[in-house]
Amino acid sequence: MGLFRSDPVIPDPPNRSKREKCWESRDLFFSCLDRIDVVNPLDKKHDKIIAKECSKENKQYETDCVASWVKYFNQKRPFDIKKERMLKEAEEQNAEVIQMPGYRPGAIGK
Amino acid sequence: MIRTTNLLRLPQLGRLFAPTVLRNSRCLSHTFPRANELNEQVMKPKKPLSRIPVGGSESVREQTVKTGSTVEFSTGRALVLFLVVGAGLTYFFKQEKKRLEIQREAETNRGMGKPLIGGDFNLVDHNGNPFTQEKLKGKFSVLYFGFSHCPDICPDELDKLGLILENMKKNHGVTLQPIFITCDPARDSPEVLKEYLSEFHPDIIGLTGDYDEIKKCCKNFRVYFSTPRDLKPGQDYLVDHSIFFYLMDPEGEFIDVLGRQYDAEGAAEKIKQHISVYVPKDAREKQKQGWLGFLFK
């Protein structure tokens, strides 16, 4: 890979450490979004506040994760939050969360 | 005259009362039954001698029956026996029912004639050697479709696969053949797969191939396949795909899918159940044709 060559570089598949680093940066960015009450980072109306409050985290996130992953995680975030809220609500209404043996915790819908 | 004939018929005791009767003829109808009752009371002990065993009274006979017999149970013991046998049979039939249910489930999945899921494929393994359905024969295999650039689900599932493999080996003594088939042949060359999979479990065999072979294979396994055909090298994209483990029998035929809802133990348990009831094809055919065949239909 030369500095002035524009050859397309076939990226290596992310390995375990790279994946974990990406997830970590994502979690940092998302916790920053939690602080400023942004659910959907892809929503244009939040662009300003994200740039103001979480630009550092966002930059790190975008360096550690490839663009397709960033897009995927950002799209996934509102759904995860919605699901979490529904479960919390159910719990507040004294609904019992049944953990079936042999199943992952919170297996339904994930 | 009637009076006298009746009196004459009276047994000895009746005759004792006879003078009274004669004196007060009006009471006659009442006195006769009384005389009869008395008569019976006196007669009772006189039973036929043949009912009493020789040399013993009745009470003695009852005693000998109680102590002499070995077959007789107390109610308590009979109850315990009943419960033990009952519980045993219930357990046995429940197990058998469960076994047949799982077998039937597998049988339904196999389908008739052409397999509904699975079939031959012509791919290349991570060492560059050809890999077809033939290689599935002789051992139970677990197939997984994915791609190396998968953001979060595939790595999770592959880690789980590693746990399942270890669990099966340690707890059930079964070595499964784990296979990872890529849905993204453009980026996942044998070398890439080799490196990628080595991080999860050393046993996992990575399969790739040309676009059409992969597409056909995904179609045969009913895997949703969305990889675009013409991709520029270095392009960054994701691939949508179904996330199931496919359990294949030692004849290379499909048994069941395991969805994402299972944890490693749950999946291992399910696989173990299928393996323990597995019957080879020849034996299955024989079962169906035998006189108990109706049970397997």
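## Disulfides of chain A

Counting bonded cysteines along the chain, the disulfides of chain A (cysteine sulfur pairs within 2.5 Å) show the pattern 1-4, 2-3. The model is predicted: local features need pLDDT of at least 70 and side-chain atom pairs pLDDT 80 or more, while totals for chains, interfaces and linings use all residues. Residues are numbered from 1 along each chain as its sequence is written, chains are lettered from A in the order written, and side-chain values use heavy atoms, without hydrogens and water.

A:Cys22 is bonded to A:Cys65 at an S to S distance of 1.9 Å. A:Cys22 belongs to helix α1 (residues 16-35) and A:Cys65 to the loop between α3 (55-64) and α4 (67-92), so this pair ties together parts 43 residues apart in sequence. The sulfur atoms of A:Cys32 and A:Cys54 are likewise 1.9 Å apart in a disulfide, which is left-handed, with -90° about the S-S bond.

## Cysteines of chain B

In chain B, B:Cys150 and B:Cys154 form a disulfide with sulfur atoms 2.2 Å apart. The S-S torsion of B:Cys150 and B:Cys154 is about 80°, so the link is right-handed.

B:Cys183 is in no disulfide; its nearest cysteine sulfur, that of B:Cys218, is 4.1 Å away.

## Interface of chains A and B

Contact (heavy atoms within 4.5 Å) involves 22 residues of chain B and 23 residues of chain A. Between chain B and chain A there are 3 salt bridges (a Lys or Arg side-chain nitrogen within 4 Å of an Asp or Glu carboxyl oxygen). One of them joins B:Asp159 and A:Arg16, at 2.9 Å from N to O.

Terms used. Helices (H or I, at least four residues) and strands (E, at least two) are DSSP runs, numbered from the N terminus.
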